[in-house]
Structure formats: C-alpha cells, structure tokens
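Dear colleague,

I am handing over the structure we discussed, with the sequence alongside. Please read the notes below with the model open.

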Amino acid sequence: MYIYEGKSVFGGIAIGKISVYKKEERQVRRVKAADTEAEITRFRLAKAEAIRQLSELYEKVLREVGEENAAIFEVHQMMLEDAGYNDSIEDMIRTQGINAECAVADTADNFVGMFMEMDDDYMRERAADVKDISKRVLTILSGDIKEAVAVKDASIIVADDLAPSETVQLDKDMVLSFVTVHGLPNSHTAILARTMAIPALVGVSLPLDGAVDGKLGIVDGTEGKLYVDPDEDTLRRMKRRKQEEAEQKELLQTLRGRENVTLDGKKVMLYANIGNLKDLAAVLQNDAGGIGLFRSEFIYLERDDYPTEEEQFQIYKQAAEAMAGKRVIIRTLDIGADKQCDYFQMEHEENPALGCRAIRICLMRPEVFKTQLRALFRASAYGKVAIMYPMITSVKEVKRIREIAASVKAELSGQGIEFGDPEQGIMIETPAAALISDELAKEADFFSIGTNDLTQYTLAVDRQNTKLDEFYDSHHPAILRMISMVVENAHRAGIWAGICGELGADQSLTREFLAMGVDELSVSPESILSIRKIVLGTNVEEYKAGRL
Ligand code: PEP
Ligand code: MG
C-alpha cells in the first residue's frame with residue numbers, strides 16, 4: 001500500500017479503480033508561410049470555430065452543472081477575443097513569416113510564462129486557461145476532431161492537471177473523484193468537484209504511470225490522502241466510513257439549500273468553525289451559511305516563526321473568496337494557555353489560563369497585532385470578512401482595540417492599499433464580559449459567546465483537566481443565564497449574538513437557544529445539517545409555553 005498526501009478540495013471517501021489521464025502533447029512544427037495573409041485568415045477561422053465550440057460547451061455545462069461552472073467558457077471566449085493575444089499571433093505570422101500553429105503555440109508559451117510569474121494565485125490559474133484556449137485553436141488548425149477524455153468504468157481520475165474543458169467533457173457518472181498533481185484549491189476542477197460533491201485532492205505528488213494506473217485506490221477527501229493498493233484493514237475501515245458518510249449524505253440531500261427557519265418563522269444563522277483552509281471543503285459540503293469562527297492562531301501554531309502579513313493575507317483572502325460573499329468571521333490570534341508558540345518566547349506562568357493570552361498578547365505586542373490586522377483588512381476587500389477579538393474583559397480594552405484597528409485602516413489608506421469595511425465583533429468568554437455585555441454592546445458590531453472558556457472561567461474549572469470532567473458542566477444554570485443575558489443585551493443595543501463554543505452544537509440545547517433568541521450557532525461543519533433538522537422541526541413559541 002502507498003499513501004500520497006495533498007490538499008483536499010472536497011471531503012468524502014471514494015473507492016475504485018484509478019485511471020491515469022495523460023494528455024498527448026501536440027508537436028507544433030515551425031514552417032515558413034508562403035502566404036502570410038492566408039495564414040492569418042486560417043487563424044481567424046480557427047478562432048471563430050473555437051468560439052463557436054466554447055459557446056456550445058457553455059450551454060451544455062449550464063444545463064448540466066449550472067452557471068458557476070459554465071462561466072469559465074464565457075471567459076474563454078473573451079480571452080480568445082483579447083486584443084493582446086490576437087495581435088501577438090498575427091504580428092508573429094506577419095513579421096516572422098511563420099505558420100499559424102507556431103504563432104499560436106509561441107504566443108501561448110509567452111502568456112503562460114507571464115501569468116506564472118505573477119504573485120497572485122488567481123492570475124497564475126489563468127495560465128491554465130491560456131493553455132486551454134490555445135490548445136483548442138491548435139486542434140482546429142490541425143483538423144483533428146477533439147476527443148473527450150475517455151473513461152469506460154467508474155474511476156478515480158488521476159492527472160497532472162485538468163483543464164476546465166477536459167473536466168466538463170468527462171462523463172460525470174464515471175468519475176468517483178479527481179486527484180491532480182498540480183492545480184490550486186480554487187481551480188475550476190476544484191469548483192467542479194465541489195459542485196458534483198465528490199472527494200477531490202490537488203497538489204498530490206504521485207507518479208502518473210503503471211505504479212498507480214489501473215490499481216485500486218481510496219481517496220480520503222477529508223484527510224487529504226490517496227491510498228494506492230490499500231491493505232485489507234484500510235479497505236475495511238474506509239468502507240465503513242463511506243457507509244457512515246452515505247447515511248449522513250442522505251440527510252444532507254434533503255436538507256441542503258433549506259433555510260434555517262423554525263415552524264413559527266424564526267430564523268437562525270448556522271455557521272461553521274474552522275481551524276485552517278483545509279476545512280473549507282467540509283464547510284461547503286455541509287451547506288454552512290458562513291464561517292462563524294476561523295481560529296487564526298493555527299496559522300501561527302503551524303509555523304516556526306511569525307507568519308508574515310502577506311502569508312496571512314493570502315490565507316484570509318482564500319477563505320473569503322471560497323465563501324463567495326458569505327460571512328467569514330476570523331478571530332484574531334488566541335494563543336497562550338493551552339496553545340503555546342515557542343517563537344513568541346513567553347515567560348513561564350504559574351497560571352497560564354489566567355495569564356498572558358489572546359488579546360492581552362496582542363495589546364502588549366502591537367506590532368504582531370497590527371500585522372494580523374493589516375492582513376485581515378486587506379482580505380476584507382475580497383469577501384464578507386468580519387474580525388472578532390477574543391478574551392475580552394473590559395470596555396477599555398475594546399476601545400483600545402478599535403483605536404489600533406482605526407490606525408491600521410488609516411495606514412492602509414495612506415499607502416493606497418485596498419480594504420473593505422469589515423464588522424468588528426467580540427467574543428464573550430469571560431464572566432466579566434457577560435456581566436457588562438450591555439456596555440460592550442455599544443462598542444461591538446456583534447457578540448459571539450465562547451462557551452468553552454466561559455464555562456472554565458465561570459465555574460473555576462480548568463477545561464484541560466480531564467480529572468475535573470464531572471465539574472465542567474456547561475449546562476450549569478450560571479452559564480445558561482449568562483448566555484440569555486448576553487443575547488438580550490445584544491438585541492437591546494441592536495446587534496446580533498451567536499455562540500461559537502462547543503455548546504452551540506449541543507443538540508439537547510438547540511431549542512433552548514432558539515427560545516433565548518440566539519441569532520447564530522457556529523459549530524463544526526458536520527453538525528450543521530443535524531441542527532438544521534431540529535430548527536426546521538421546532539415551534540419556538542410552543543416550546544417556550546411548554547417550559548413555563
Ligand atoms: C471558546 O472559548 O468557547 C472558544 C470558542 O474559543 P477556544 O475554544 O478556541 O478557546
Ligand atoms: Mg476561547
């Protein structure tokens with residue numbers, strides 16, 4: 001058995017035969033053109049035919065998988081009309097006196113090289129599009145009939161990379177999963193895999209030959225792994241997980257796309273908690289309305305040194321773009337206590353949970369805080385990013401934070417750097433914050449209750465100490481009263497309040513939270529649909545009457 005790892009684009013398990021898809025490379029010969037004007041006419045005719053094919057493809061994909069995936073073929077038509085691309089080809093034919101094929105191939109190479117040099121992922125992905133359109137024109141010029149990628153049995157498709165036109169021509173019933181050596185999580189193949197809801201991986205370094213072709217494979221889209229020739233035990237384990245996922249999927253089918261609204265018309269936002277970009281696949285798969293808690297400290301914990309502004313910006317931007325206009329609440333750095341980063345070189349503390357953690361570190365080290373805020377504000381130009389501050393205990397702190405945020409914004413404006421207008425909310429996870437939530441509500445755009453820490457600090461029970469499990473009672477009336485109070489204070493001030501601690505996913509309390517008027521529950525992606533089911537079956541007013 002061999003195990004290959006990559007980036008997950010969509011979760012789930014696929015088991016089946018691996019089919020390696022290899023593109024045949026077309027050899028383009030450089031030939032002196034006897035009549036350059038005739039070559040230009042050949043190119044223009046081929047281009048017109050390519051545009052016609054693309055418009056047919058657009059209609060086909062629109063019918064089969066919808067606008068999101070079809071749009072690329074409109075973009076391809078526009079790219080073929082691009083003046084720079086056309087002028088380059090026609091100039092080459094004229095000035096160098098060469099055949100149309102060679103001019104198209106050379107222009108494509110130049111454009112691909114130029115796109116690949118760019119820093120922006122989005123622009124780098126456009127290199128694949130230039131290759132794709134140029135290949136189409138070359139195929140037409142050579143008089144070949146374009147063949148669809150032939151897959152006879154249901155297979156796991158493994159390829160170096162797949163162009164959009166290649167993926168859409170695949171017979172969807174025959175594709176169990178996509179695995180590519182190259183490609184980025186926001187490539188069109190990735191978007192298609194998400195639309196088809198099949199597990200997919202990109203960035204997997206594996207040989208594209210007999211070592212994998214035709215072998216039995218298992219794609220674990222959740223863990224980002226491909227097993228080739230799995231052993232008995234792995235196969236049994238994965239089959240069981242596949243079965244469990246199939247049951248969950250059944251629930252998913254009926255509940256996806258439904259609004260989170262109770263029988264008596266009360267709406268609630270069901271968002272997802274994530275720790276890194278890998279989790280986005282599960283977020284989309286489970287139809288989350290947004291991201292309610294992105295624990296940004298994992299970006300710091302995974303590294304040996306401070307992540308740069310640019311590194312952070314790229315991560316936040318990807319999350320914002322993947323969520324396409326849905327709210328993405330990114331919590332600022334929450335290290336300290338159980339989450340330690342060596343390079344922060346924090347002094348030893350007797351009582352770290354009550355020590356230098358989260359927002360306290362940010363306020364004590366404004367340069368670290370500002371770097372993160374700059375990245376967050378910049379990313380807010382690419383989607384509905386919201387910023388959330390953890391471990392708040394006083395109004396003074398929030399005022400200080402907002403001043404720092406305002407100075408970061410002024411700095412970005414001064415430098416002519418683009419940013420949006422993100423909401424800035426706070427976490428309510430200390431009893432102090434809960435008790436002064438009426439005051440805090442005037443300073444924040446929203447509240448998110450961190451019940452994990454709120455329980456620890458209210459009940460004076462270390463959340464890390466397993467021996468104290470029986471005392472760590474997050475259903476304690478003190479906690480429930482505080483949640484209710486925080487929600488009331490939020491509403492009085494005209495802001496919304498949610499829960500992003502683990503208690504938000506406690507299904508025995510979902511109806512209670514609805515009765516309290518909680519506006520949002522942010523839970524692990526896998527819990528969303530089960531909670532939606534409860535919401536859909538609840539009559540809040542009847543429930544309230546029943547508990548009196
Ligand atoms: C919480 O305290 O409830 C919370 C969501 O934050 P974390 O678990 O990351 O401390
Ligand atoms: Mg917390």
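This is a predicted model: local features need pLDDT of at least 70, side-chain atom pairs count only at pLDDT 80 or more; totals for chains, interfaces and linings use all residues.

Residues are numbered from 1 along each chain as its sequence is written, chains are lettered from A and ligands numbered from 1 in the order in which they are written, and side-chain values use heavy atoms, with hydrogens and water left out.

**Ligand 1**

Ligand 1 is surrounded by 15 residues, a residue being near if one of its heavy atoms lies within 4 Å; the closest are R295, R331, G450, N452 and R463. An N or O atom in the side chain of R331 is 2.8 Å from an oxygen atom of the ligand, and a polar side-chain atom of E429 lies 2.9 Å from an oxygen atom of ligand 1. From G450 it is a backbone N or O atom that lies 3.4 Å from a ligand oxygen.

**Aromatic rings**

Searching the whole structure gives 11 aromatic pairs, where rings of Phe, Tyr and Trp (its six-membered ring) pair if their centres lie within 6.5 Å, and where planes under 30 degrees apart count as stacked, over 60 as edge-to-face and the rest as tilted. Y2 and Y4 are stacked, because their ring centres are 6.5 Å apart and their planes are at 20°. Buried or exposed, in the sense of under 20% or over 50% relative accessible area, with partly exposed in between (1.4 Å probe, protein chains only): Y2 is exposed at 55%, whereas Y4 is buried at 16%.

The rings of F369 and Y389 have their centres 6.1 Å apart and their planes at 75°, so this pair is edge-to-face. F369 lies in helix α13 (residues 366-379) and Y389 in strand β12 (residues 384-389), so the pair ties together parts that are 20 residues apart in sequence; helices (H or I, at least four residues) and strands (E, at least two) are DSSP runs, numbered from the N terminus. Both partners are buried, F369 at 0% and Y389 at 1% relative accessibility.

One aromatic cluster is formed by Y300, Y306, Y343 and F344. There are also charges over rings, a term that requires NZ of Lys or CZ of Arg within 6 Å of the ring centre and within 35 degrees of the ring normal: the charged end of K317 sits over the ring of Y382, 5.1 Å from its centre, and R378 lies over the face of F313, at 3.9 Å from the ring centre.

**Helix α17**

Of the nine residues in helix α17 (residues 451-459), eight are buried, among them N452, D453 and Y457. These buried residues pack against β10 (290-295), α15 (431-435), β14 (446-449), α18 (477-492) and β15 (496-499), with contact meaning heavy atoms within 4.5 Å. After α17 comes A460, whose phi is positive, near 55°.

**Cysteines**

How many disulfides are there, if a disulfide is a pair of cysteine sulfur atoms within 2.5 Å? The count comes to zero. C500 is in no disulfide, and the nearest cysteine sulfur, that of C362, is 16 Å away. C500 is buried, with a relative accessible area of 1%, and C102 is buried at 5%.

With best wishes

Conventions: A disulfide is a pair of cysteine sulfur atoms within 2.5 Å. A polar contact is a pair of N or O atoms within 3.5 Å; within protein, one must be able to donate a hydrogen and the other to accept it, and residues adjacent in sequence count only if both atoms are side-chain atoms.
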